[in-house]
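Have the viewer open and follow along.

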Amino acid sequence: MLVTVENGRAIRVAGDPDHPVTKGFLCAKVNRYVERTYHDDRLTTPMRRIGPKGSGKFQAITWDAALDEIANRLGDIARSSDGPEAILPYSYAGTMGLVQGSSMDHRFFHLLGASKLDRTICAMAGTVGMRMTVGANVGADSEGVPDSDFVLLWGTNTLTANPHLWPFILQARARGAPIICIDPIRTRTAMQCDEWLPIRPGTDAALALGMMHVLFALGLEDRDYLERHTIGHESMRERAAEWTPARTAAVTGLSEEVITSLATRFGQAKAAFIRVNYGLQRHAGGGMAVRTIACLPAVTGHWRRAGGGVQLSTSANFQFNRAVLERADLGPRTRTINMIRLGDALTLPDAGVGGPPVKAMIVYNSNPAAVAPDRNAVLRGMAREDLFTVVLEHFQTDTADWADIVLPATTQLEHWDIHFAYGHHYVTLNRPAIAPVGEARPNSEIFRLLAARMGMTDPAMRDDDLTLIRQALASQSPKLEGVTFDALLEHGWTRLNVPTPFLPYAAGDFPTPSGKCEFFSERMEALGFDPLPTYIPPYESPERDPALVARYPLTLISSPAHTFLNSTFVNITSLRRQAHEPEVLLHPADAERRGISAGMMVTVRNDRGAFVAKARVEAGIREGVAWAPSIWWGKLADDGANANQTTSQRITDLGNGPVFYDNQVEVELR
Ligand SMILES: Nc1nc2c(c(=O)[nH]1)N[C@H]1C(S)=C(S)[C@@H](COP(=O)(O)OP(=O)(O)OC[C@H]3O[C@@H](n4cnc5c(=O)[nH]c(N)nc54)[C@H](O)[C@@H]3O)O[C@H]1N2
Ligand SMILES: Nc1nc2c(c(=O)[nH]1)N[C@H]1C(S)=C(S)[C@@H](COP(=O)(O)OP(=O)(O)OC[C@H]3O[C@@H](n4cnc5c(=O)[nH]c(N)nc54)[C@H](O)[C@@H]3O)O[C@H]1N2
Ligand SMILES: [Mo]
């Protein structure tokens, strides 16, 4: 991102035209970063709560007063009979930079002996699914996509969530590749594709198995690749044989013809590119689904060629020296709390995992009062009078409203950082373009200051941001060879030391225990799963809970609105206007059955909670599915609620991830 600065003020942000992936354009949200940075509501001083909890009433205080109070309160808790494990850090994707998100903060909490946070809310199910099959969350390179002859966008809203992939896909299309979208919703991405396959949510593993059935039945497999680079292909063939098109159709809700045609064309292609993304894995069997889809390119040998393979992520290629950044060795072993169980962690006496109750929570880079599942439980917890809450933020979010102390943090324009990527292979240096707005401070600086206040003398707590960046780069990984601070300073970004395009498994070399693509996985078996790919139905499905489905017949998907980045940017008026107001999209048949027409106000509810939305009625969604574009700030909705009122704290099969879209609801007139 290039920032134009005049008289110390940023006036324009733009994509870097020289960058091979971003190619001079930014997404709809980040385009508004200047507006966001100088927003009237930007937090510019530390604040202490003066009204009742949750009232959002605060008074400006000095940094000294804020740091003293936090240090005293945390010190008291650490020395009390509850001990330091009663302190919980909570952070995620506000910035994914290593300096502002996984360095000083981690060191501070490690030294303190605080509870650890298992950061599962986004990607863990799919990450572990990839690891089980191919050994790492490393897939095909976006820069190979122009060479692909068949593009499958599987459970991903590319034009919204990952627009920089799109130009590569268009190049493949120009050379004749069809683009097919598998999604219960006809998203703006699906609208631009050649075909839209409205699958029943949570059944993707069944579709992948059905595809394998057809591939083996028609002899479209690559026998040489199977023999040399996979393990368990004979049992995989037997498993696939069970998934006839008829059975696959019954589970996925797609027709036998569609399934057969999809698999046949996939198998006839030379380099099919499958983009799976994280939406697909937010169901009970999300890990297994990703693991199963990841088997497909090994069946057909597409990994051999540029443009072939599966991409969930490229992130595991970025082997920064995280151990040195985070320094887990600084503190004792402590308990771990899963971030998606925050509702339980704050409301159960042993935090739901054993040990002391949570007595203090320090939130940064996250807005859990909007984004965490089972929002009613989260808010009950945050309302506890005996919970001391500190929030480092740019804005007075839903979460900041429940804080005791709010600290103003810097934005990307104001601090140093270094970033990995998950859709390409370039390391990015984030240089500050402007001075901090108001009294804002970088997260890293805030944790350094707090450490000093609390008498932490370890020299690790004194490293400055540039030192942290150099430490991140001091890695033994050959992929980071040549990625130096000086190179980053010069260009702003540097490609990892991998070929372009990078073909990770062209010659096998899978980083699994067997060194092969594992159709059969001993690790899965050891975890108590079927060692072969299989279909695990959603929790809230006719297969597993028919009584619940009878009461709550609609599956609610609350994936991101085009103009929001999770809950970031919701307070930017121009972007919120484009999202209108909280909405729910229904299929005309589902709407008619309920006497709902477009524009009516409806309540979306289940046993966990409810929120109000305006009905949109369109055929661009599978019958039985509802879509609530998200993630709204509760405080900006008339009823103070959002879609996470209805989502559950249940976890996925692998990786302990969330099941946001495994969520049955009913919709009725308000
Ligand atoms: N504009 C914008 N961009 C973003 C984000 C944002 O909030 N806004 N968030 C960023 C982050 S943190 C992430 S993790 C990614 C998320 O981006 P994606 O990984 O693309 O995930 P989602 O948008 O959650 O879901 C993608 C699609 O999956 C579909 N889907 C849901 N369930 C199923 C299913 O069972 N099967 C199939 N086949 N499809 C299903 C949904 O309808 C949705 O259209 O985007 C990143 N980019
Ligand atoms: N229902 C539903 N819930 C979801 C999802 C969904 O699709 N549906 N998606 C899930 C996913 S994939 C994810 S990744 C999570 C994301 O959830 P979060 O990680 O909470 O991400 P955001 O909602 O973007 O909130 C990030 C906050 O960090 C702040 N921030 C940004 N940069 C900085 C910084 O440098 N310092 C500090 N101190 N603060 C900063 C921003 O102002 C913002 O308020 O939400 C999850 N929740
Ligand atoms: Mo995410």
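## Around ligand 1

Let's start at ligand 1, which has 32 residues around it, and D183, Y278, F564, N566 and Y661 come nearest. Keep in mind that this is a predicted model.

What does the side chain of D183 do here? One of its polar atoms lies 2.6 Å from an oxygen atom of ligand 1.

## Around ligand 2

Now over to ligand 2. It is surrounded by 31 residues, and the closest are A93, S366, E393, S567 and T568. For E393, an N or O atom in the side chain is 2.5 Å from an oxygen atom of ligand 2. For S366, an N or O atom in the side chain is 2.8 Å from an oxygen atom of the ligand.

Which part of V371 faces a nitrogen atom of ligand 2 at 2.9 Å? That one is a polar backbone atom of V371.

## How the chain is divided

Time to zoom out. The protein splits into domain 1 (39-121 + 319-417), domain 2 (140-312 + 504-526) and domain 3 (546-669). Note that domain 1 and domain 2 are each written as two stretches of sequence. If you take C-alpha centres, domain 1 and domain 2 are 39 Å apart.

S102 itself is in the loop between helix 3 (98-101) and helix 4 (104-112). Is S102 buried or exposed? With a relative accessible area of 11%, S102 is buried, because anything under 20% counts that way.

## The second largest pocket

The second largest pocket holds about 400 Å³ of space. It is lined by 23 residues, and R188, H562, R616, W627 and P629 are the closest to its centre. Helix 8 (188-192) and strand 22 (583-586) are the elements that give two or more residues to this lining.

What is the lining made of? By residue class, the count is nine nonpolar, eight polar and six charged. By domain, at least three residues come from each of domain 2 (140-312 + 504-526) and domain 3 (546-669).

T500 and P501 are joined by a cis peptide bond, with omega about -15°. P501 belongs to the loop between strand 19 (493-495) and strand 20 (517-518). There's also a cis peptide bond between S630 and I631, where omega is about 5°; here I631 sits in the loop between strand 25 (625-627) and strand 26 (664-669).

Then there are the positive phi values. K23 is not a glycine, yet its phi is positive at about 45°. You'll find K23 in the loop between strand 2 (9-14) and helix 1 (33-37), and its 35% relative accessibility makes it partly exposed. D374, another residue other than glycine, has a positive phi near 55°. D374 is placed in the loop between helix 18 (368-371) and helix 19 (375-382), and at 14% relative accessibility it counts as buried.

## Buried polar residues in loops

N317 is in the loop between strand 12 (309-311) and helix 16 (322-326), and its relative accessible area is 0%, so it is buried. What does the side chain of N317 pair with? A polar contact of 3.1 Å joins it to the side chain of H425.

S541 is found in the loop between helix 23 (522-526) and helix 24 (546-551). S541 is buried as well, with a relative accessible area of 1%. A polar atom of the S541 side chain lies 2.7 Å from the backbone oxygen of P538.

Technical notes. Residues are numbered from 1 along each chain as its sequence is written. Chains are lettered from A and ligands numbered from 1 in the order in which they are written. This is a predicted model: local features need pLDDT of at least 70, side-chain atom pairs count only at pLDDT 80 or more; totals for chains, interfaces and linings use all residues. Side-chain values use heavy atoms; hydrogens and water are left out. On a 1 Å grid over the protein atoms alone, a cavity is a set of points where a 1.4 Å probe fits but cannot get out, and a pocket is an open set with protein on both sides within 12 Å along at least five of seven lines; lining residues have an atom within 4 Å of a point. Grid points are joined across faces, edges and corners, and a volume is the space filled by probe spheres set on the points. Helices (H or I, at least four residues) and strands (E, at least two) are DSSP runs, numbered from the N terminus. Ala, Val, Leu, Ile, Met, Phe, Trp, Tyr, Cys and Pro count as nonpolar, Asp, Glu, Lys and Arg as charged, and the others, Gly among them, as polar. Domain bounds come from an automatic or database domain assignment. Buried means under 20% relative accessible area, exposed over 50%, partly exposed in between (1.4 Å probe, protein chains only). A residue is near a molecule or strand if one of its heavy atoms lies within 4 Å of it. A polar contact is a pair of N or O atoms within 3.5 Å; within protein, one must be able to donate a hydrogen and the other to accept it, and residues adjacent in sequence count only if both atoms are side-chain atoms.
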